[in-house]
Amino acid sequence: MMNKIIALTKKELHGYFSSPVAYIILIACLSLFNVLFFMLIEQNREVSLRDIFQVMEFMFIFIIPLLTMKLFSEEKANGTMEFLLTAPLTPSMIVLGKYFSMLIFYSLLIAVTSVYYFIVEYYGEPDPYSILSGYIGIWLEGAFFIAIGLLTSSWTRNQIIAAMTSYVILFSLYFSVSFTKYFTGFAESFLMQLSTRTHLENFAVGVITASDVIYYLAGIVLCLVLTTLSINHKLWQ
């Protein structure tokens, strides 16, 4: 089973890096992050990456749906979905192969930004634990966003609709904490815990709690299961 998932992951990665789109996205994202990083360092004068993690979180809401929108939508639009489903692969293998390929691409993007730590270390004594915690948080959040994008891509053959649906879900999760002032009790607590901002803030300041980790892992597993069900029951037709 793992060999088939790894083979599909390699095939997907080869497809990404065989086109200029992957390189354009990597260069564009890194250029944007670099500009924002130096602006924040210049403005805050802090040997910390806390603010850059929060900026990266907001930027990934826009970037990740563009990366994930074609994962299944393109297969359906090109008529290759039927071929994929008749291959000796189960729906869960297909979902995991596509998910891991995008997760590796995203991890590469995040890994390149680790150079920021050495830059702030040159100017002071940053807390390595809080920076490591922040990177774990932004990686988990991106993994969650990718799972959401994969799910919405399985619902339609139109890439634009897949991306727009992802935006609706991601913005709802991100801004849900902004509506807590209109509610009290359970509803207030629910909106607070639903928001991705609530959970990443803890990672960004060096606090890793079981509830934050479970939030991301549960979201990832739920989306992957729903995507598998969507493919398995051919809801995309």
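Trainee: Which element supplies the largest share of the lining of the largest cavity?

Mentor: In this predicted model, that share comes from α2, with 4 residues. Rolling a probe the size of a water molecule over the atoms shows where empty space is left. Here the count comes to 1 cavity of 30 Å³ or more, and the largest cavity holds about 80 Å³ of space. Both α2 (20-44) and α3 (50-68) supply at least two residues of its lining. Among the lining residues are Phe37, Leu40, Ile41, Leu49 and Arg50. By class, the lining divides into 5 nonpolar, 2 polar and 3 charged residues.

Trainee: What volume does the largest pocket have, and which residues line it?

Mentor: Its volume is about 240 Å³. The lining includes Lys11, Glu12, Tyr16, Lys70 and Glu74. The helix α1 gives the most to this lining, with 4 residues, and the lining comprises 2 nonpolar, 3 polar and 6 charged residues.

Trainee: How is the lining of the second largest pocket divided by class?

Mentor: That lining has 9 nonpolar, 2 polar and 1 charged residues, around about 160 Å³ of space. The elements giving two or more residues to it are α2, α3 and α6 (91-112), and α2 gives the most, with 3 residues. Tyr16 and Lys70 are among the residues lining this pocket, and both also line the largest pocket.

How values were computed. Residues are numbered from 1 along each chain as its sequence is written. This is a predicted model: local features need pLDDT of at least 70, side-chain atom pairs count only at pLDDT 80 or more; totals for chains, interfaces and linings use all residues. Side-chain values use heavy atoms; hydrogens and water are left out. On a 1 Å grid over the protein atoms alone, a cavity is a set of points where a 1.4 Å probe fits but cannot get out, and a pocket is an open set with protein on both sides within 12 Å along at least five of seven lines; lining residues have an atom within 4 Å of a point. Grid points are joined across faces, edges and corners, and a volume is the space filled by probe spheres set on the points. Ala, Val, Leu, Ile, Met, Phe, Trp, Tyr, Cys and Pro count as nonpolar, Asp, Glu, Lys and Arg as charged, and the others, Gly among them, as polar.
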